[in-house]
Amino acid sequence: GAFDPGNVLMFLTGPFTGTTAPMSGRTTVCALGPQGYPHEWFIRGSMGGHWGPELKYAGYDGVIITGRAEKPVYLWISDGRCEIRDAGHLWGKGTYSTQEELLAEHGRGVRVATIGPAGENLSRIAIINTETESAVGQGGFGAVMGSKNLKALVVGGTGAVRVAHPEEFLRRSQIIAQEVGTYGSPGGPGLIDRS
């Protein structure tokens, strides 16, 4: 089931995450989700923001988590290193206060994905929150993290994502951004006739 320690929780970036490619910054989260109760199934959700690019700058394309910690922990990922750290002082706190404490501890440049009390108490609709404007709201993955005693994933990286032909990549990214701006902007010609 979704709360079994063997449930595989995945945080996955895309091939263009961390580059100038438009609309490439989302991170997909997958696992057996509790939100589908009583018939749990493998599901995915996603979050925007800067967490995914920061994971790439730290040297990783994704994070795969199995098992269950004996006590509350968080995962610290930085420039090719991963550490499991104690989160007892964070357990019971909301997502914003947890982020503030972890930013104070690790520096304002890191990115945090965290759960609040709903996830800790295995609410089947619990979210994973990152920064203040983005969350994984589908699947109940906050409860999956809670079942693993995983309070947060904190990432900080100083690396970069290299592309084979940077000038051509930038040129094509600009073309796509212009197309999206032309066809996706309110009041623009759009793909749907609004007259």
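Which helix holds Q99? Q99 lies in helix α2, residues 95-106. Helices here are DSSP runs of H or I with at least four residues, strands are runs of E with at least two, and both are numbered from the N terminus.

A word on the model. It is predicted, so local features need pLDDT of at least 70, side-chain atom pairs count only at pLDDT 80 or more, and totals for chains, interfaces and linings use all residues. Residues are numbered from 1 along each chain as its sequence is written, and side-chain values use heavy atoms, with hydrogens and water left out.

Back to Q99. Is Q99 buried or exposed? It counts as buried, because its relative accessibility is 7%. Buried means under 20% relative accessible area, exposed over 50%, and partly exposed in between, with a 1.4 Å probe and protein chains only. Leaving out residues up to four places away in sequence, Q99 touches V112, T114, N129, T130 and E131. Contact means heavy atoms within 4.5 Å.

Now strands. β1, residues 9-12, runs antiparallel to β4, and 4 bridges join them. Strands pair if DSSP finds at least two bridges between them. L9 sits opposite I65 of β4. In a regular strand, side chains alternate between the two faces of the sheet.

Next, the core. A nonpolar core is a set of buried Ala, Val, Leu, Ile, Met, Phe, Trp, Tyr and Cys residues joined through side-chain atoms within 4.5 Å. The largest has 24 residues, and L9, F11, I128, F141 and L153 touch the most other members. Elements giving it two or more residues include β1, β4, α1 and β10. Beyond its neighbours within four places in sequence, L153 contacts F11, W51, V63, I65, L75, R111, V112, A113 and M145.

Last, the rings. How many aromatic pairs does a search of the whole structure find? It finds 2. Rings of Phe, Tyr and Trp (its six-membered ring) pair if their centres lie within 6.5 Å; planes under 30 degrees apart count as stacked, over 60 as edge-to-face, the rest as tilted. F11 and W51 have centres 5.5 Å apart and planes at 45°, so that pair is tilted. F11 is in β1 and W51 in α1, 40 residues apart. Both are buried. F16 and F169 are also tilted, at 5.6 Å and 45°. F16 is partly exposed, at 45% relative accessible area, while F169 counts as buried at 17%.
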